Amino acid sequence: MDNTLFSRRRAERFAQLLDEANGARRHHVRSRVDGQLAPLVAVGQRLSVDPPAIEVDPEFRTGLRAMLLATAERDGLGNAPTATEAASVRPASIARGPLLPAVTARRARARAAILVGVAAGAIAVSGISAASEDAVPGDALYGMKRSTERAQLALASSDISRGQLFLDFARTRLGEAAKLRGDRIGYRTILDDMDADTRQGVRLLTSAAVQRAEPGSLDTVNTFVTGQRRAVTNLLDGANRADRERTRQSLALLDSIRERSNALRASIACGLPSDFGFP
């Protein structure tokens, strides 16, 4: 595993990303390591929500503890603040008693981030994160797969990036739906999720196109609709009546998006105000 994972700066950034993934206020900064940390954020979030019920090998536990202690000692994590750092703490903060000084709190957060990072890294290295890519609803790893997607959204730098991600997720839901044909409840549920991702992605991209008076994002929408409609149509082959009816609803949504996108393109070309809402 890359030893730089344990640097204090990466650990503190990892803690920030975990907070954001769990609904905290987003920090308006990005780091060059965000992409590398995204899978670990997803795994860390998953571990905090639904810790796996497994027995840890005693030798692994001993080795992991030794690694953590060595890392903490090397990076100075958990040490008492220096005299200079202690002097910088406001007296009012000290008077509160139980509350940690700011410096100690930051170190505690970094230490916690390292602990989660090590656990997350161990799981990622074992291949669980990669294996979840093919998971479908009902599989043990499906929750991790969706957590990874939420982490990707949290790390996206703009509405256009988030819109493109939602469309990618809609394509992923389509692949899952192909494996669930015949399961009426599962098939309908996954197509509902697919349509929701489609709406979110299209809403973000068309909003960007209108606000910038620039139709580039509409090209992304139209390309998605063309490919997605072709693939959704393939779901009709050999489907039962209930699945066919539900599939046609998704096709109708894609058709309405195509019509609306073309109308927005014409409005932008003419410099007219546009309403970019979708059902």
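Helix H10, which covers residues 184-212, has 29 residues and reaches 42 Å from its first C-alpha to its last, close to the 42 Å expected at 1.5 Å a residue; the expected span is 1.5 Å times one less than the number of residues. Helices here are DSSP runs of H or I with at least four residues, strands are runs of E with at least two, and both are numbered from the N terminus. This is a predicted model, in which local features need pLDDT of at least 70 and side-chain atom pairs count only at pLDDT 80 or more, whereas totals for chains, interfaces and linings use all residues. Residues are numbered from 1 along each chain as its sequence is written, and side-chain values use heavy atoms, with hydrogens and water left out.

Of its 279 residues, 39% are buried, where buried means under 20% relative accessible area, exposed means over 50%, and partly exposed lies in between (1.4 Å probe, protein chains only).

Two packed helices are described by the angle between their axes and the distance between the axes. The axes are lines fitted to C-alpha atoms, for helices over the stretch in contact, and the angles run from 0 to 180 degrees between N-to-C directions.

| Helix pair | Angle | Axis distance |
|---|---|---|
| H9 and H10 | about 160° | 8 Å |
| H8 and H9 | roughly 165° | within 10 Å |

Helix H9, residues 159-179, packs against H10 at an angle of about 160°, which makes H9 roughly antiparallel to H10; angles over 145 degrees count as roughly antiparallel, under 35 as roughly parallel, 65 to 115 as roughly perpendicular and the rest as oblique. The contact of H9 with H10 is made up of 15 nonpolar, 5 polar and 7 charged residues, with Ala, Val, Leu, Ile, Met, Phe, Trp, Tyr, Cys and Pro counted as nonpolar, Asp, Glu, Lys and Arg as charged, and the others, Gly among them, as polar. H9 and H10 cross in a left-handed manner, while H8 passes H9 in a right-handed crossing; a crossing is left-handed if the near helix is turned anticlockwise from the far one by less than a right angle, and right-handed if clockwise.

Helix H8, residues 142-155, has 14 residues and reaches 20 Å from its first C-alpha to its last. H8 is mostly covered, with 10 of its 14 residues buried, and these include Tyr142, Lys145, Glu149 and Leu155.

The structure holds 1 aromatic pair. The rings of Phe166 and Phe169 have their centres 6.3 Å apart and their planes at 80°, so the pair is edge-to-face; rings of Phe, Tyr and Trp (its six-membered ring) pair if their centres lie within 6.5 Å, and planes over 60 degrees apart count as edge-to-face, under 30 as stacked and the rest as tilted. Phe166 and Phe169 are 3 residues apart in helix H9, and are therefore separated by about one helical turn. Both Phe166 and Phe169 are buried.

### From H10 into H11

H10 is followed by Ala213, which lies in the loop between H10 and H11. The phi of Ala213 is near 50°, a positive value in a residue other than glycine, and at 55% relative accessibility Ala213 counts as exposed. Gln228, found in helix H11 (residues 216-234), counts as buried at 4% relative accessibility. Gln228 and Ser250 stand 22 residues apart in sequence and 9.9 Å apart in space, C-alpha to C-alpha.
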